[in-house]
Structure formats: structure tokens, C-alpha cells
Amino acid sequence: MNTKISENLNRILTFAKKYNPTIIAVTKYHTVNEMKEVYEAGLNNFGENRVIDAIEKINLLEEEIASNSHYHLIGHLQSNKVNRAVGFFDLIHSVDSYELAGKINDVAKQKGIVQKILIQVNNAHEEQKFGIAPSQLESLINDVSGLENISLEGLMTMAPLTDDTVLIGKLFCEMRQLKDKYDLKELSMGMSNDYKIALEEGATMIRLGRILFE
């Protein structure tokens, strides 16, 4: 076992365990061996940004790890990758349009499954990031609810890269309020720099890369 990863996880859990979140190890910059080390340290949720890279990497995992782990697509899903992503990832965090949701639903129907998704919300209104505005959320939820082969589990967001912890807390609080308003189960928010704030504001899933592997 990699002592560094285990020690990092223990430090994270010292704060996080009282909130009981799903901790997703973001492995986009890390190897299959490092994924094994994360698994041996006690985590079995892995987050990847790119569909093809994720599939190639996960297919190299040992059978025990592969079959006992959960996979999250946390990056933007391109339309031409939907067929590969649906059914491979347990949860797609980054749905931000009805068009994309419809394509996911169609592929899920063809495969005879129900695909779990989150809607990505860009409540910081950053032009360079994907996600819908909060004002569009109700309409998208209503539209997605009519798709039989999709299960809307909750919401996802990414905070701006800033040292303004008050702003981050405000944005995360807004997301929790939206989750509660629409009676959703999951709220995926918080990364290495801001996961403590995210947990304090109601995150049920946190996505950790650097802080876990550094």
C-alpha cells in the first residue's frame, strides 16, 4: 500500500467523516497502479474527465478492483462519446442540456439500462465553464423527468478558482438550496482547494485529486 495516499486519505477523513460524503478520487492524471493504491487505501469511487482515456485505464484494472468500484464521468461529455459513456459510468456528473440528456436517454434505452446523471449548474456564471444557469434548472429538470431511461440523482457544480472563501461558501450554499428545492439526493461539489467549505454547505460528493495524491 502507498503510505502517502493512505496518510492523505486519513487526514481528509479526519474532517470529512462526520459528513459521510462519497469521496471520489479524481484519477485523470494518475496511473492504473495509483488507482490500485487508492482502492487499497479504502476508496472505490473514481472520477475521470475523458471518456476514452477512462475506459482504456479502467479496463486495465484487476478484476477485483474493477468489479467492486464505481466510475464517475466528471468532465464534459461530448455528443460523439455518449454511446461509449452510457452504461460504463455509474454516474455522469456533467449533463447541461436537454439535447445531451436526450442522447443519453436514447442510448440507455438501446442498451436496456437506466443511466444515472447529475445536472451541472454554473451558478458562478463563468463563461469558460460548462453548466446551465440556475434560472434554467427548473425547466431542464422538468424536461429530463420525462425521459424514462435516465435517473436524475442531483446536481454538480465547480467553484471559481479564487481565495475568496466567502464567495465560495455563498455559491455552495446556493447549490444546496437548489438541491433541497427540487428534492434531489446528491450534490457533487468541492475539490482539493474547497472540499471543506463544500461539506459544510451540504455536499454529498466531493471530487479530490491533488490533495489525495500529493
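The legends below describe close-up views of a predicted model.

Local features are given where pLDDT is at least 70, side-chain atom pairs count only at pLDDT 80 or more, and totals for chains, interfaces and linings use all residues. Residues are numbered from 1 along each chain as its sequence is written, and side-chain values use heavy atoms, with hydrogens and water left out.

**View 1. The buried residues of helix H7.** Helix H7 covers residues 137-144; helices (H or I, at least four residues) and strands (E, at least two) are DSSP runs, numbered from the N terminus. Leu-137, Leu-140, Ile-141 and Val-144 of H7 are buried. Buried means under 20% relative accessible area, exposed means over 50%, and partly exposed lies in between (1.4 Å probe, protein chains only). Seen down the axis of H7, these buried residues fall within an arc of 100°, so they line one face of the helix. The arc is that of the directions from the helix axis to the C-beta atoms. An α-helix has 3.6 residues a turn, so residues three or four places apart point the same way. The cover over the buried residues of H7 includes helix H6 (98-111), strand S5 (115-120), strand S6 (150-156) and helix H8 (165-181).

**View 2. The nonpolar cores.** A nonpolar core is a set of buried Ala, Val, Leu, Ile, Met, Phe, Trp, Tyr and Cys residues joined through side-chain atoms within 4.5 Å. The largest one has 63 residues, and Leu-77, Ile-92, Ile-104, Leu-137, Leu-155 and Leu-212 have the most contacts inside it. A second, separate core has 5 residues, including Ile-24, Leu-91, Leu-118 and Met-156.

View 3. Contact means heavy atoms within 4.5 Å. Ile-104 is found in helix H6 and is buried, with a relative accessible area of 0%. Not counting residues up to four places away in sequence, Ile-104 touches Leu-77, Val-82, Val-86, Ile-92, Val-95, Gln-115, Ile-117 and Ile-150. With residues up to four places away again left out, Leu-212 touches Ile-5, Asn-8, Leu-9, Ile-12, Ala-25, Val-38 and Leu-43.

**View 4. Strand S8 and its partner S1.** Strand S8 (residues 205-208) is covered on both faces: Met-205 and Arg-207 are buried on one side, Ile-206 and Leu-208 on the other. Strand S1 (residues 22-26) pairs with S8 in the parallel sense over 4 bridges; two strands pair if DSSP finds at least two bridges between them. Arg-207 in S8 is the bridge partner of Ile-24.

View 5. Rings of Phe, Tyr and Trp (its six-membered ring) pair if their centres lie within 6.5 Å; planes under 30 degrees apart count as stacked, over 60 as edge-to-face and the rest as tilted. By this rule there are 5 aromatic pairs. The ring centres of Phe-15 and Tyr-195 are 6.4 Å apart and the planes are at 85°, so this pair is edge-to-face. Phe-15 belongs to helix H1 (residues 3-16) and Tyr-195 to helix H9 (residues 195-200), 180 residues apart. Phe-15 is buried at 18% relative accessible area, and Tyr-195 is buried at 5%. Lys-18 lies over the face of Phe-15, at 5.5 Å from the ring centre. Lys-196 also lies over the face of Phe-15, at 5.3 Å from the ring centre. A charge sits over a ring if NZ of Lys or CZ of Arg is within 6 Å of the ring centre and within 35 degrees of the ring normal.
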